Structure formats: C-alpha cells, structure tokens
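Hi there,

Here is the structure I promised to pass on to you. Have a look at it first, and then read on for what turned up.

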Amino acid sequence: MSDSTALIGTKVSGRRRRPKAVDGLRVCSSPRCSTRLSRYNRNGTCYMHSPITFPRVRGRDIPVVDV
Ligand SMILES: [Zn+2]
C-alpha cells in the first residue's frame, strides 16, 4: 500500500541538553541532618526536608492540601 500522504518520522538526533548539576559535595541544610545531596538536587535540603511541591500537570486538577 503506497500512500503519498503518509507521514514519515525522523530519528531524534543532535545533542540533548545536559541535566543541570551542581558541583561539589553538599549536605542537607536542615540541622541534625547529614544527608548528602545529589548533584542534580538544586535545593539546599534533602527530599525529607524540602517543602512539598506538586508538579503542574496539564489536564489534571491541582491537588488541594489542607494545612
Ligand atoms: Zn535533610
């Protein structure tokens, strides 16, 4: 079956963006917490001490948190 309107995809090529990384060893800034932070963790605290954030996802309702 040959259809002249068929779409032909192309392979993804080219350099992709490097993930943002922070150099050096960093430790959670929360007192009495010595968790080493990942180079890709842009926050100053570990996961346990970071404020809760919700990613914005299209097509979904933003979760409501009662404080
Ligand atoms: Zn911590």
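Let's begin with V22, which touches R39 and N41 once residues up to four places away in sequence are left out; contact here means heavy atoms within 4.5 Å. Before going further, please keep in mind that this is a predicted model, where local features need pLDDT of at least 70 and side-chain atom pairs count only at pLDDT 80 or more, while totals for chains, interfaces and linings use all residues. Residues are numbered from 1 along each chain as its sequence is written, and side-chain values use heavy atoms, with hydrogens and water left out.

Back to V22: its C-alpha is 7.7 Å from that of N41, although the two are 19 residues apart along the chain. V22 is partly exposed, at 27% relative accessibility. For these labels, buried means under 20% relative accessible area, exposed means over 50%, and partly exposed is in between (1.4 Å probe, protein chains only).

In general, side chains of opposite charge can pair when their charged atoms come close. D23 is exposed at 63%, whereas R39 is partly exposed at 40%.

Y40 is in contact with P19, K20 and A21, again leaving aside neighbours within four places in sequence. Y40 is partly exposed, with a relative accessible area of 48%.

Now for the metal. Which residues hold the zinc ion as protein donors? They are C28, C33 and C46, each through SG, and H49 through ND1, at 1.9 to 2.3 Å from the ion. Donors are N, O and S atoms within 2.8 Å of the metal (3.2 Å for Na, K and Ca), and sites may look incomplete since water is not among the atoms. Along the sequence, the spacing of the donor residues reads C-x4-C-x12-C-x2-H. The site is tetrahedral, with angles of 99 to 115° among the four donor atoms; four donors get that label if all angles lie between 85 and 135 degrees. C28 and C46 are both buried.

Beyond four places in sequence, S50 touches N43 and T45.

R32 is not a glycine, yet it has a positive phi of about 65°, and it is exposed at 89%. R36 is exposed as well, at 59%, and it touches L25, R26 and V27, not counting residues up to four places away in sequence. The C-alpha atoms of R36 and R26 are 5.9 Å apart, with the residues ten apart in sequence.

Cheers

Methods
Tetrahedral: all angles 85-135°; square planar, octahedral: opposite > 155°, others 65-115°.
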